[in-house]
Amino acid sequence: MNTQELLDSFEFLDTWDQRYEFIADLGRDLLPLDPREKTEANLIADCDTRTWLTARLAGNPPVLEYRADAEGPLVRGLVVLLLTPFQGKTPEQAVA
């Protein structure tokens, strides 16, 4: 799902309950973390729910690849919302 599709989905949903459920469902779109990546180094500091994030350049041309996990479905969905504009983009596209 790209950024515009996310925005369109939010406009389509009438209530905050529907939007809440949609966000929680987005968590299944995260690229999974290997259990060995759930380390202190990948833990997001000061987050109320333990959340891990990794990033790397992958492919040719190199694009950003974020993988993450969190202990709760809502937080996983929120992570998807934050990463969607950058996932699969070149560093130059992400900065633009």
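## Charges over rings

Lys38 has its charged end over the ring of Trp52, at 5.1 Å from the centre. A charge sits over a ring here if NZ of Lys or CZ of Arg is within 6 Å of the ring centre and within 35 degrees of the ring normal.

## What you're looking at

This is a predicted model, where local features need pLDDT of at least 70 and side-chain atom pairs count only at pLDDT 80 or more, while totals for chains, interfaces and linings use all residues. Residues are numbered from 1 along each chain as its sequence is written, and side-chain values use heavy atoms, with hydrogens and water left out.

## Helix 1 and its two sides

Which residues of helix 1 are buried? They are Leu6, Ser9 and Phe10 (buried means under 20% relative accessible area, exposed over 50%, partly exposed in between, with a 1.4 Å probe and protein chains only). Seen down the helix axis, they fall within an arc of 100°, so they line one face of helix 1; the arc is taken from the directions from the axis to the C-beta atoms. Over on the other side, Glu11 and Phe12 are exposed.

The buried residues of helix 1 pack against helix 2 and helix 3. Helices (H or I, at least four residues) and strands (E, at least two) are DSSP runs, numbered from the N terminus.

## The core

The largest nonpolar core has 16 residues, and Phe22, Leu26, Leu30, Val79 and Leu83 have the most contacts inside it. Helix 1 (3-12), helix 2 (16-26), strand 2 (63-70) and helix 3 (73-83) are the elements that give two or more residues to this core. Such a core is a set of buried Ala, Val, Leu, Ile, Met, Phe, Trp, Tyr and Cys residues joined through side-chain atoms within 4.5 Å.

## One aromatic pair

How many aromatic pairs are there? The count comes to one, where rings of Phe, Tyr and Trp (its six-membered ring) pair if their centres lie within 6.5 Å; planes under 30 degrees apart count as stacked, over 60 as edge-to-face and the rest as tilted. The rings of Phe10 and Phe22 have centres 5.5 Å apart and planes at 90°, so this pair is edge-to-face. It links distant parts of the chain, with Phe10 in helix 1 and Phe22 in helix 2, twelve residues apart.

How values were computed. Contact = heavy atoms within 4.5 Å.
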